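Subject: Structure for you to look at

Hello,

Here is the structure I promised to pass on. Please open it and keep it on screen while you read. My notes follow below.

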2 protein chains.
Amino acid sequence: MSTEPQARRAAETGASFQPVKSADRTLDVLEALAASVQRPTLGELARRLGIPKSSLHGVLRTLQARGWVRVDETGTRYGLGLRALRVGAAFVETDDAVTLLAPVLDELAARFGETVHLGRLDGAEVVYLAKRESVHPLRLFSAIGRRLPAHATALGKALLAQLDEERLADLLPTPLPRLTSHTLTDLEALRADLAAIRAAGYAVDREENSEGIICVAVAVPAHRVGHPGQREASDAISISLPVSRHSDALQERIAAALLAAVA
Amino acid sequence: MSTEPQARRAAETGASFQPVKSADRTLDVLEALAASVQRPTLGELARRLGIPKSSLHGVLRTLQARGWVRVDETGTRYGLGLRALRVGAAFVETDDAVTLLAPVLDELAARFGETVHLGRLDGAEVVYLAKRESVHPLRLFSAIGRRLPAHATALGKALLAQLDEERLADLLPTPLPRLTSHTLTDLEALRADLAAIRAAGYAVDREENSEGIICVAVAVPAHRVGHPGQREASDAISISLPVSRHSDALQERIAAALLAAVA
DNA sequence: CTATTGTGTTCAGGTACGTGAACGTAGGTC
DNA sequence: GACCTACGTTCACGTACCTGAACACAATAG
């Protein structure tokens, strides 16, 4: 009976391979803690993850002893610990795309003086991998590691535009979550926008994830970041600017600069 | 026989508690991958961690299936995956000190136009938790999550200065690693510096971790970041500037501003 | 004061995980 | 060609982990 959840997961993913239960659960715990807005208690976590309290207890104690999880001063609420920070930093430091595109991002940031991002598609989300700050003081707070729905960002749309209808339908959630009044939540409207992106070669997000922010992005060809065999790009770079500084002429110049940068 | 390593670890840490083996190993793997300069193979990892290849195999497959670990295109070298990034970002977003001190960092960055850091002591290392960029283009590359030996940074010395002789000796490695020609590697010299820091109320690092960079830091009292019961501070804030812009008068002004900011 | 509901914790037992040795394969080296 | 070493992978066995139920304790409600 206790083997059922593992078998079920394996069946769901289609993979005929048995994950190590405790390792799997360790990741479940870490991801659940990362996704929690408020720090949960042991019991809450156990219910949410469908793990017996006693089993979770051992895992949490192990994570706590290693500094990956910490408890509140009350000893009753669990959150991520300091060690969890290290792997993220290490990932960014060793990622090929981040390393190879660093000078490109620097050059774009210096040229336009606006915020520059490097993002990667992960499922239906875009993860920010690198950032160069605008010279203007609009703090976006360490966005590295932050995730946003792909359909609501220029980075995401530039990457989604490469996919065919079928894969797009598989990937995107329904309904498409709305972040601002400008977010494209209608699949047909999004499809039309993606077609326009394919034609133009670059994507634009018009206040679709943050009010007042317009963003221009292009996909980075896979061979450009050391993955010659790969057909589709997984990375994209973007420049964001407030509507107050936006103009069609500037948008054209930015798009041309981005396309030249990834060529 | 196979239970020995766990028993040994428990005995070493003094804790009379049995960690969950697979969970412990999961963290071992993630930390080893984070610490690797080059991506290791399964066999290399197994040797380094003292884990049988076959056991490590299962753990790695599990981590890989969840996107925490990825393999090279050759399928033979393992590195951290995209999901590893999420927990680090989540930690920073939910940390009390980062949240509470954000406006303080903003104000200092705006006032001096130099790089501002928030760091925390973890063992003998300092971890960077937040950063505000200098307006001057000296890219330090997303230092968040990065670690440096505490004795070689202003942040670290500001925090080490609170500890008594005994705890200091327990904490610091011997010999003290050298990062630049200015690093204090002599324990007595470091002790003298820490005494001076206690007297002055703030710490200065004179090119001790990076040539050409001087840094001023003060510890943030624990009650200031929502930990009223705690006697020692674990966090500190700093301002870094290149020697070319340094002067004793500016250093005094920075120190006064930092002390006022944490009061 | 008692009941209830929530914490975290412990423990014996049945089970599913870790192990070591074997395998298949690829890329060298001589 | 044959050998060697490295890679990842598989499998049956025995062990040590996961489980459910019971525990101790605290806080709140009635």
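Start where the two chains meet. Across the interface of chain B and chain A, the rule finds 12 salt bridges. Please keep in mind that this is a predicted model. The side chains of B:Arg66 and A:Asp24 form a salt bridge, with 3.1 Å from N to O. Polar contacts cross the interface too. There are 18 residue pairs of that kind, with both partners at pLDDT 80 or more.

The buried ones are B:Ala84, B:Leu85, B:Val87, B:Gly88, B:Ala89, B:Ala90, B:Phe91 and B:Val92.

Now the contact as a whole. Chain B puts 60 residues into it, and chain A puts in 61 residues. Together the two chains bury about 5500 Å² between them. Carbon and sulfur atoms make up 63% of that area. In chain B, the residues that lose the most area to chain A are B:Arg66, B:Leu82 and B:Leu85. Together these three account for 13% of what that side buries. B:Arg66 is the salt-bridge partner of A:Asp24, and B:Leu85 is among the buried residues of H5(B).

How are the two copies related? Chain B can be laid on chain A by a turn of 180° and a shift of 0.0 Å along the axis, with an RMSD of 0.1 Å. That is the relation of a two-fold axis. The interface residues fit this picture. Of those in chain B, 100% are also interface residues in chain A, so the copies meet through the same surface.

Next, look at chain A by itself. Its C-alpha trace spans about 60 × 40 × 40 Å along its principal axes. The chain has 10 helices and eight strands. It is divided into domain 1 (4-83) and domain 2 (95-262). The C-alpha centres of these two domains lie 32 Å apart. How much of chain A is buried? Of its 263 residues, 52% count as buried. Among contacts in chain A with a separation of 6 or more, 56% are between residues 24 or more positions apart.

One residue in chain A is worth a click. A:Arg132 sits in strand S4 (residues 125-132). Is A:Arg132 buried or exposed? A:Arg132 has a relative accessible area of 8%, under the 20% limit, so it counts as buried. Its side chain also has a partner. A polar contact of 2.6 Å joins it to the side chain of A:Asp106.

Last, some backbone details. Most residues other than glycine have a negative phi, and most peptide bonds are trans. Where does this model depart from that pattern? In chain A, a cis peptide bond joins A:Thr174 and A:Pro175, with omega about 0°. A:Pro175 lies in the loop between helix H8 (165-171) and helix H9 (187-200). Chain B has a cis bond as well, between B:Thr174 and B:Pro175, again with omega about 0°. B:Pro175 is placed in the loop between helix H8 (165-171) and helix H9 (187-200) of chain B.

Then there is phi. A:Glu207 is not a glycine, yet its phi is positive, at about 55°. A:Glu207 lies in the loop between strand S6 (203-206) and strand S7 (213-220) of chain A. At 18% relative accessibility, A:Glu207 counts as buried. B:Glu207 also has a positive phi of about 55°. Its loop runs between strand S6 (203-206) and strand S7 (213-220) of chain B. B:Glu207 counts as buried too, at 18% relative accessibility.

Best wishes

Technical notes:
Residues are numbered from 1 along each chain as its sequence is written. Chains are lettered from A and ligands numbered from 1 in the order in which they are written. This is a predicted model: local features need pLDDT of at least 70, side-chain atom pairs count only at pLDDT 80 or more; totals for chains, interfaces and linings use all residues. Side-chain values use heavy atoms; hydrogens and water are left out. Copies are superposed by least squares on the C-alpha atoms of residues with pLDDT of at least 70 in both. Contact means heavy atoms within 4.5 Å. Helices (H or I, at least four residues) and strands (E, at least two) are DSSP runs, numbered from the N terminus. Buried means under 20% relative accessible area, exposed over 50%, partly exposed in between (1.4 Å probe, protein chains only). A polar contact is a pair of N or O atoms within 3.5 Å; within protein, one must be able to donate a hydrogen and the other to accept it, and residues adjacent in sequence count only if both atoms are side-chain atoms. Domain bounds come from an automatic or database domain assignment. Buried area is the accessible area (1.4 Å probe) that two parts lose on being put together, summed over both. A salt bridge is a side-chain nitrogen of Lys or Arg within 4 Å of a carboxyl oxygen of Asp or Glu.
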